[in-house]
Amino acid sequence: MTCTDDAATVDAWDALGGRAELAAGVSYQGAGNVLPARLPVRELARACVGVCSLAAAELLAGRNGTPVPAVRVNEGAVAAAFVSERHLRIEGRAAVSFAPLSGFWRADDGWVRTHANYPHHRARLLDAVGIPDTGDDQELARTLARTLASRPARSVQEDVYARGGLAVAVARSAEDGAQLLDDRPLVTMHRTSGAGGAAPRVLPPGPLPASGVRVLDLTRVIAGPVSTRTLALLGADVLRVDTPSLREDADAHTDTGMGKRSTLLDLTAAQDRQTFETLLDTADVVVTGYRPGALDRHGLSPAALLERRPGLIVAHLSAWGRSGPWSQRRGFDSLVQAASGIAAIERGDGDGMPGGGSPGVLPAQALDHGTGYLLAAAVLRALTERQLTGSGTELQFSLAGTAAWLVRGIKKTPVPAGDPDPERWLAETDSGYGRLRYALPPVNYEGGPGTWARASTRWGSDLPRWTGTD
């Protein structure tokens with residue numbers, strides 16, 4: 001079953017500033033009841049991938065002076081990609097998505113959601129609640145459960161935040177979490193005039209939409225890396241840059257590092273900073289995924305980058321957005337779901353929350369994956385605008401903005417017929433981490449690439465230079 005004229009796709013394409021008539025060229029092949037949920041997750045997921053595919057087709061046509069290719073997205077491919085971390089196998093081993101101390105915990109007056117996947121977050125959580133680290137995660141989980149059960153949820157939230165950890169009180173209802181979603185746009189865009197500084201590079205004709213585009217990837221975890229993984233699929237030269245002092249989880253990097261290279265630079269060290277400045281001088285796109293203001297001390301705020309390079313495209317994403325009481329807080333998809341009321345909407349059966357049931361979750365980390373594809377789409381659209389006007393662009397996305405769109409802006413549609421079997425959307429390849437089974441990319445336009453040109457390299461193993469340069 002194929003559908004066209006999808007309201008969520010039209011809405012997202014309009015938010016990205018695309019020409020309305022192009023959205024009619026997007027169609028979807030159904031795959032049954034994939035990504036089942038009370039909220040319209042299937043509709044969100046396919047729309048995010050649909051507009052990303054359309055933005056890729058638009059840029060390719062603009063570069064080559066050809067008609068915009070047709071876009072036809074399969075919902076089965078979308079569903080597999082939105083849980084790519086679950087399909088990942090590394091030498092036959094399943095990837096680890098959540099650590100033992102990450103999850104829902106009963107509090108004295110409700111529920112708390114923690115995130116402790118990274119060692120420093122785990123240490124800060126335990127320190128905040130006064131639990132010595134014995135090194136035995138099963139024992140620690142039991143102790144954490146007993147400790148949190150005697151404390152108010154918001155007290156835990158604030159104590160853990162004060163120590164630099166990650167925990168939120170779970171909203172009891174959609175209304176309870178509404179304040180975190182109020183006034184959260186899907187995307188904020190600001191175009192520069194393109195005047196001053198080096199003239200932006202006009203992209204010549206190319207075989208892929210982003211062929212030759214240079215992308216500095218300063219992101220971590222899922223949303224940002226998904227966006228840059230997608231740009232790499234479409235031909236961009238993507239170099240992920242991390243500090244050597246904050247190690248990345250190998251499984252997470254394997255999943256989202258497809259098509260990219262990875263290097264380590266300490267921006268507080270003079271030589272590494274000079275190397276970074278050299279990369280920045282010829283970059284087309286900078287994508288950042290740290291808290292608002294976190295990179296300002298390095299002179300890497302969007303405003304500073306655009307003042308230096310008016311034709312640059314700077315895309316920033318955060319958990320909670322650039323304004324509001326939580327703008328400076330760390331966050332992940334699971335925490336936004338919990339605090340925004342999504343966990344209450346998706347609650348299970350039984351006792352535990354008003355209306356029955358313990359907190360629930362979406363069938364995928366849909367805020368992360370959805371925001372990643374939207375961000376990639378916005379970058380591609382910004383490259384199209386730069387081809388026409390020479391303008392640079394500042395883009396702002398947040399997981400909370402995508403959550404607000406999911407909860408308030410999208411309607412459920414009838415479930416189409418089709419085969420939901422994910423096996424047809426999985427493939428195998430060798431990588432820097434060994435033999436991988438991975439989910440194929442869902443972005444699709446007529447004549448587009450079926451998979452990435454290269455598999456994930458090992459984190460931090462590549463030289464800090466653009467492909468083809470000495």
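Reader: Which residues does T457 touch, not counting those up to four places away in sequence?

Author: T457 touches H253, K260, R261, S262, Y433 and D462. Contact here means heavy atoms within 4.5 Å. This is a predicted model, where local features need pLDDT of at least 70, side-chain atom pairs count only at pLDDT 80 or more, and totals for chains, interfaces and linings use all residues. Residues are numbered from 1 along each chain as its sequence is written, and side-chain values use heavy atoms, with hydrogens and water left out.

Reader: Where is T457, and how far is its C-alpha atom from that of S262?

Author: T457 is in the segment after strand 17 (434-439). Strands are DSSP runs of E with at least two residues, helices are runs of H or I with at least four, and both are numbered from the N terminus. The C-alpha atoms of T457 and S262 are separated by 7.0 Å, though the two residues are 195 apart along the chain.

Reader: What makes S340 count as buried or exposed?

Author: Its relative accessible area is 3%. Buried means under 20%, exposed means over 50%, and partly exposed lies in between (1.4 Å probe, protein chains only). At 3%, S340 is therefore buried. S340 lies in helix 13. Beyond its neighbours within four places in sequence, S340 is in contact with A171, A174, G177, A178 and L181. Its C-alpha atom is 8.4 Å from that of S173, 167 residues away along the chain.

Reader: What makes helix 13 roughly parallel or roughly perpendicular to helix 15?

Author: Helix 13 (residues 333-340) and helix 15 (residues 366-389) pack at about 115°, with axes 7 Å apart. That makes them roughly perpendicular. The ranges are under 35 degrees for roughly parallel, over 145 for roughly antiparallel, 65 to 115 for roughly perpendicular, and oblique for the rest. The axes are lines fitted to C-alpha atoms, for helices over the stretch in contact, and angles run from 0 to 180 degrees between N-to-C directions.

Reader: Which residues meet between helix 13 and helix 15, and how do you know their classes?

Author: D333, V336 and Q337 in helix 13 meet A366, L367 and D368 in helix 15. By class, this contact has three nonpolar, one polar and two charged residues. The rule counts Ala, Val, Leu, Ile, Met, Phe, Trp, Tyr, Cys and Pro as nonpolar, Asp, Glu, Lys and Arg as charged, and the others, Gly among them, as polar.

Reader: How many aromatic pairs are there?

Author: The count comes to three. One of them joins W320 and W326, with 4.8 Å centre to centre and 85° between the planes.

Reader: What makes the charged end of R329 sit over the ring of Y161?

Author: NZ of Lys or CZ of Arg must be within 6 Å of the ring centre and within 35 degrees of the ring normal. The charged end of R329 sits over the ring of Y161, 3.9 Å from its centre. The charged end of R46 sits over the ring of Y28 at 5.0 Å.

Reader: How do you know whether Q157 is buried or exposed?

Author: Q157 has 3% relative accessibility, so it counts as buried. Q157 is found in helix 8 (residues 153-162). Leaving aside neighbours within four places in sequence, Q157 is in contact with A167, V168, A169, W326 and R329.

Technical notes
Rings of Phe, Tyr and Trp (its six-membered ring) pair if their centres lie within 6.5 Å; planes under 30 degrees apart count as stacked, over 60 as edge-to-face and the rest as tilted.
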